[in-house]
Amino acid sequence: MTAATLAQFGTKHIAKGIGRLTTQVMESGSGSYITMVGGRKMLDFTTGIGVANLGHCHPAVTKAAQSQVGKLVHGQVNIAFQKPYLDLVQSLIPLMPHKSLDTFFFWNSGAEAVEAAVKLARHATKKQNIIVMQGSYHGRTFGTMAMTRSKTIYSDGFAPLMPGVFSVPFPYCAQCSIANNSDGKYNFQNCCMDPLLQLELLLKRESAPSDTAAIFIEPVLGEGGYVPPPAQYLARLREICDKNNILLVADEVQCGFGRTGKMFAVEHWDVRPDIIVMAKGIANGFPLSAIVSRKELMDTQKPGTMGGTYAGNAVSCAAGVAVAKAFQDEKILENVNARGAELKATLDAAKADPGTGAVIYDVRGLGLMLALECMPGHGYASKIQAKCMEKDMLVLTTSIYDTIRFIPPLNITKEDMAKGCQIIKEAIEEVAAGEKPVETRMRGQALE
């Protein structure tokens, strides 16, 4: 079938509830590039929404998976231990941001891992309520729909949702009404910390500490706009949790595994979470997720309360071991920080330029988790996205605000980053000059 015929077939037979960026059909991937059916090769600054962090079909990861397929594909976790699972735990323990995080449970998807963290928090504390951040994304399963607060689309029409979930503002300084009306007194460098005040009020008004099991936070807001918190916020959040006997859960599904220039984003602020949720980059495309916590918490659960048919699949775990090794062998974090500085410089220059700066509201992010927020009301982000696609580059928009997020491979070469930066620069310039994209049919969000 031709690419057009395949797309028509997919449109007819695949669930309409899946949002997608384009109706093109992916055929292969290698490194920083995706090749579509028909031969179109595109520079990929989406990495499957932060999953193929080491690029598509990373040689070492591919080799590890291929080797494991010939040994054991399905070593069911409730039957016995399996070696790749144990090897992955052994590989991950040294990478954890705190020595207390030493006991693991593997599952398949990020949303499943979030629900595993909810189960652990509620059971260990004997408390029900969960607090999440406005703008957060935790998944689309029935439990995580109630926790996701980035867009209403994820839970629209599916009520009643899981009870016991409360939300407070995330310190999104660029959209803070206090900062924006303070004549420069408050900003990202000098946050008003009103979100912490709102949290303390919530604990007094709506969810008493004696009823609150955990606070879930993406250390860098993901689908809500790639928003890092200001300095001291997470440390003070930790203090509130300790004071009130509430667990702090870091959802590092998107910002973990090197995306921000540290192995885990919480390391930027030297904060210890009680539980970390991880997925996406953990196995570079193979379905795998995990939670990690301290043994005393994990051991409160009785045998049989956790598990799953495909939990900790042997092939995925073998891929995960190869991913962890690649981070060490290939100096991935060094590359993230070097390439991230180059991309950030491109975005900062566009904002500072009188011609293109008129369409840009904010530039932010850490490492290779960067965002360009556009001036509202004009659809600039989707237009820039479409212009990038015209130039054979995949990027994603995100957030209720007009924002583009950039998620290139963590091992992207200097040459490919320069190529990507040039495409982004040209796309912004053309949109700022009033040019309309040709491929408007491809505008949209991957909705995650």
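**Exercise 1. Is serine 32 buried or exposed?**

Solution. The model is predicted: local features need pLDDT of at least 70, side-chain atom pairs count only at pLDDT 80 or more, and totals for chains, interfaces and linings use all residues. Residues are numbered from 1 along each chain as its sequence is written, and side-chain values use heavy atoms, with hydrogens and water left out.

Step 1. Set the cut-offs: buried means under 20% relative accessible area, exposed over 50%, and partly exposed in between (1.4 Å probe, protein chains only).
Step 2. Serine 32 has a relative accessibility of 6%, so serine 32 counts as buried.
Step 3. Locate the residue: serine 32 lies in the loop between β1 (26–30) and β2 (33–36). Helices (H or I, at least four residues) and strands (E, at least two) are DSSP runs, numbered from the N terminus.
Step 4. List the partners, with contact meaning heavy atoms within 4.5 Å. Apart from neighbours within four places in sequence, serine 32 is in contact with Met42, Leu43, Asp44, Pro409, Ile412 and Asp416.

**Exercise 2. Describe how α3 packs on helix α11 (residues 314–329).**

Solution. Two packed helices are described by the angle between their axes and the distance between the axes.
Step 1. Axes are lines fitted to C-alpha atoms, for helices over the stretch in contact, and angles run from 0 to 180 degrees between N-to-C directions. The axes of α3 and α11 come within 8 Å and cross at roughly 150 degrees.
Step 2. That angle makes α3 roughly antiparallel to α11. The classes are: under 35 degrees roughly parallel, over 145 roughly antiparallel, 65 to 115 roughly perpendicular, and the rest oblique.
Step 3. On the α3 side the contact residues are Ala60, Val61, Ala64, Ala65, Gln68 and Val69; on the α11 side they are Ala314, Val315, Ala318, Ala319, Ala322 and Val323.
Step 4. By class, the contact of α3 with α11 has eleven nonpolar, one polar and no charged residues. Here Ala, Val, Leu, Ile, Met, Phe, Trp, Tyr, Cys and Pro count as nonpolar, Asp, Glu, Lys and Arg as charged, and the others, Gly among them, as polar.

**Exercise 3. Repeat the analysis for helix α12 (residues 332–352) and helix α14 (residues 414–432).**

Solution. 
Step 1. These helices pack at an angle of about 15 degrees, with their axes 10 Å apart.
Step 2. That makes α12 roughly parallel to α14.
Step 3. From α12, Arg339, Glu342, Leu343, Thr346, Leu347 and Ala350 meet Lys414, Met417, Cys421, Ile424 and Ile428 of α14.
Step 4. The contact of α12 with α14 comprises seven nonpolar, one polar and three charged residues by class.

**Exercise 4. What share of the 448 residues in the chain is buried?**

Solution. 
Step 1. Buried residues make up 55% of the 448 residues.
Step 2. The chain holds 14 helices and 15 strands.
Step 3. Among contacts between residues at least 6 apart in sequence, 74% join residues at least 24 apart.
Step 4. The C-alpha trace spans about 60 × 60 × 45 Å along its principal axes.
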